[in-house]
Structures are given as C-alpha cells and as structure tokens.
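Dear colleague,

Please find below the sequence and structure that I am handing over to you. My notes on what was found follow directly after.

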Amino acid sequence: MEANHPHLLVIGATGQLGSAILQRATLEKLTTTAFVRSQSRLNLPEMGNVTAHIGDLSDFGSVDKACSQGITHVVATASSIVPRKGEAFGVDDLLYYRNIIRACQTHGIQHLIYISAFPSPFDEQIPEFVIKRQVEQMIIESGIPYTIFRGAAFMDIYYAVMGSSAVMKGIPQPTLLRGYWLSRLWSSLTNGILEKYGVALVPGNGQTRQSFICIEDVANCMVRAINQPATINKLIDLGGPQALSWREVADIYGEKLDKKVTKLPLPIWLLKLLEFIMRKHSPAGANMMSILALLGQYEFTPDMTELSGLLDMEFTDTRSFISRKLAEGE
Ligand SMILES: NC(=O)c1ccc[n+]([C@@H]2O[C@H](COP(=O)([O-])OP(=O)(O)OC[C@H]3O[C@@H](n4cnc5c(N)ncnc54)[C@H](OP(=O)(O)O)[C@@H]3O)[C@@H](O)[C@H]2O)c1
C-alpha cells in the first residue's frame, strides 16, 4: 500500500533527466526533496514544493539522513557514466546504489524507481550496461518494492550527438556539456551542424531503427509509476511511440528545416576501433563509442501500447519533438 501523500527524494536532481523529474513532480504537486552535491548547481522549478538536501552518494550518512526525513519514494537517476571533469567513469555507481538501497531499507521506503538502460544480447560488451545490470540485480534482491525502467536512446541526447543544437537550447545543464572531455569535445565540434549545414552524423549505415524517447516522457513515466501498483517489482522496457532509423530522423530534420540533410555515416568498424584505442585511457569515451556502435547495429523497439494505457500518457513522437525544439530555439 503506497502513501496517499508521497514525499519524493530525487537522486540525480541536477542531471538532465533529474531536472525534468523535478519539473514533472512540481506539475503533479508532489512534495519533493532534491538530493544534491554541495558543489553542484540545482535549478529549482518555480512554484514547486521542492527543497534541497545536500549530500554525496559516496557518503552513506548523507543518504541515510535524506531518507530519514519523511521520504516515502525514491526516484534515482544518478550515475557517473558521463563523469564530470576529474571524476572516474562508473566505478562508484555500485557504491552509490549500495548506499541508496541500505538507506531505503533502514527507513522502510515504499518504492524505489530507477532508470536503467535498454537490454540487448550484447550487454557484456558495453561497460555501462554491465554496471546497470549489476545495479538492477542489487535493487531486485534488496526486498524494497521497485520499478526499473530500461530506457531506449533519449532524443534529447542522441539528436544532439547527431549534430542538433536545438535539443540543448534552454536546458540548464545538458549531460553532454557537463560531462568529461570527449562529450564536450564532440559537442563543440558537432553542435549545430544539423541546423547550420544540414549534416547529420548517423551511427553505422544509419538504417538501424530505435524507439527514441524524449527525456520529458521518461520523467513523466518515472513520476507516474508512483502510486501505480501494477509497476511494482517490474522491469519495464521504455521507448518512444515509433521506431525510426537514424536516417529517418535526419529526414524529419530536413523536412522541418526545409533543407537537404546529408547523412554522414559513422562506420561500426571506426566506432569499435576508437573504443579499443580509448579503453585504457578514457573508459567513459570507450563506453560512448561502444554504445554508438550498438545503437548503429542493434534495434530496440519495444511496444509501448500497454504502458501508455497503464500510465495514462501519450508518448511524444520525433516529428512533434523536433518541431517543438526548433520552435523553442528560434
Ligand atoms: N542518454 C540516454 O539515452 C539514456 C538512455 C537510458 C538510460 N539513461 C540513464 O539515464 C540516467 C540519467 O541521465 P542524466 O542525463 O540525467 O545524467 P547526468 O546529466 O549525467 O546526471 C547525473 C546525475 O548524477 C549525479 N551524481 C553523480 N555522482 C553523484 C554523487 N556522488 N552524489 C550525488 N549525486 C551524484 C549528478 O550530480 P552532479 O551535478 O553533482 O554531478 C547528476 O545529478 C543515467 O543513469 C543514464 O545511464 C540514459
């Protein structure tokens, strides 16, 4: 039985997805605490019933204290998979989630909602996915009622990777810009090439389809899972409403920009070679290359009809998302 008046703890609140969750929780008028590191910048939504708790996931005491303050639900998106300058890739995630789980157990948290990555037969080849599966396992074995969403590629992130600047406009701290050297270098070289020059980077031959989902919809699903008994103790595949190839996404940009868009393939062999080269000195960079290689050759296209009905929400399609972002960017 879940609380009538949930009090959310959002862990990862300064990230791109975490910020969207705070916005959604505010719209739903939920009492919310944002778990924030002392040196981080938190953008509190206007009019929201949101307060900040300063802590660090590597410090159990601070997580424990956050959970002790009447929290009923924990929504966790934090990770060090796109590490900040000076931080290591992924190594601390298991410690972070061990601390979160221990604090949830101590304080009888009613529901832990976690964002994981989409499943594939190649999980073992993607460092991030190896970590995500371990975290999932820890959560499942913890005995805490959980919902784990296994997310497809986010439009907001991967359309930026293709070269779109519009998807990052107005975002306080876009993941790609706050991250480590490669994500910032990639962004500085490619940001806006789609809108300015009509050039789209496409992994592989660009024909592999993905059910891209926008971050706002991911946030909406995670918040709507609260007080939704049918989502308890479930691993839920999460994608957008349609399966599109990278080339089709580029064509939609072309249509909206009224421009011919040239698709520049990023061959799988090149992505794999870069992954190999970076493996030793930049695990985060190698991870990014391995994910792009996977997204360029493996299709993840779950059917969202049931979840859409269960959570009573309509997922945003790529055409509407791009139209909105281009209009906002003007
Ligand atoms: N991109 C995709 O297509 C995709 C698809 C499926 C799933 N996902 C998953 O979605 C999740 C969230 O993405 P995002 O874009 O919001 O990530 P993000 O922008 O990189 O945010 C990471 C968050 O974790 C926090 N964090 C890291 N270490 C911490 C610590 N020691 N203590 C407290 N907080 C800490 C960061 O806080 P600071 O501000 O202090 O650094 C930040 O708020 C990730 O786990 C990602 O794997 C992404």
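Both faces of strand β5 are covered in this predicted model: H111, I113, I115 and A117 are buried on one side, and L112, Y114 and S116 on the other. Buried means under 20% relative accessible area, exposed over 50% and partly exposed in between, with a 1.4 Å probe and protein chains only. Side chains in a regular strand alternate between the two faces of the sheet. Helices (H or I, at least four residues) and strands (E, at least two) are DSSP runs numbered from the N terminus.

As to conventions, residues are numbered from 1 along each chain as its sequence is written, and side-chain values use heavy atoms, with hydrogens and water left out. The model is predicted, and local features need pLDDT of at least 70, side-chain atom pairs count only at pLDDT 80 or more, and totals for chains, interfaces and linings use all residues.

Strand β5 belongs to an open sheet of seven strands with parallel pairing, in the order β3-β2-β1-β4-β5-β6-β9; two strands pair if DSSP finds at least two bridges between them. The edge strands, β3 (50–54) and β9 (234–238), each pair on one side only. On average, neighbouring strands are turned by 20° against each other, direction ignored.

On one side, β5 is joined to β4 by four bridges, with A76 opposite Y114. To β6 there are six bridges, and T147 in β6 is the bridge partner of I113. The chain passes from β5 through helix α4 (residues 127–142) to β6 in a right-handed β-α-β crossover; β4, α3 and β5 also make a right-handed β-α-β unit. Right-handed means that, with the strands pointing away from the viewer, the path from the first strand over the helix to the second runs clockwise.

Helix α9 (residues 215–224) lies across β4, β5, β6 and β9, at about 150° to β5. Axes are lines fitted to C-alpha atoms, for helices over the stretch in contact (heavy atoms within 4.5 Å), and angles run from 0 to 180 degrees between N-to-C directions.

In helix α2 (residues 60–67), F60, S62, V63, A66 and C67 are buried. These residues lie on the same side of α2 because they cover an arc of only 165° around the axis, taken from the directions from the helix axis to the C-beta atoms. The buried residues of α2 pack against β1, β2, β3, β4 and α3 (93–106).

Yours sincerely
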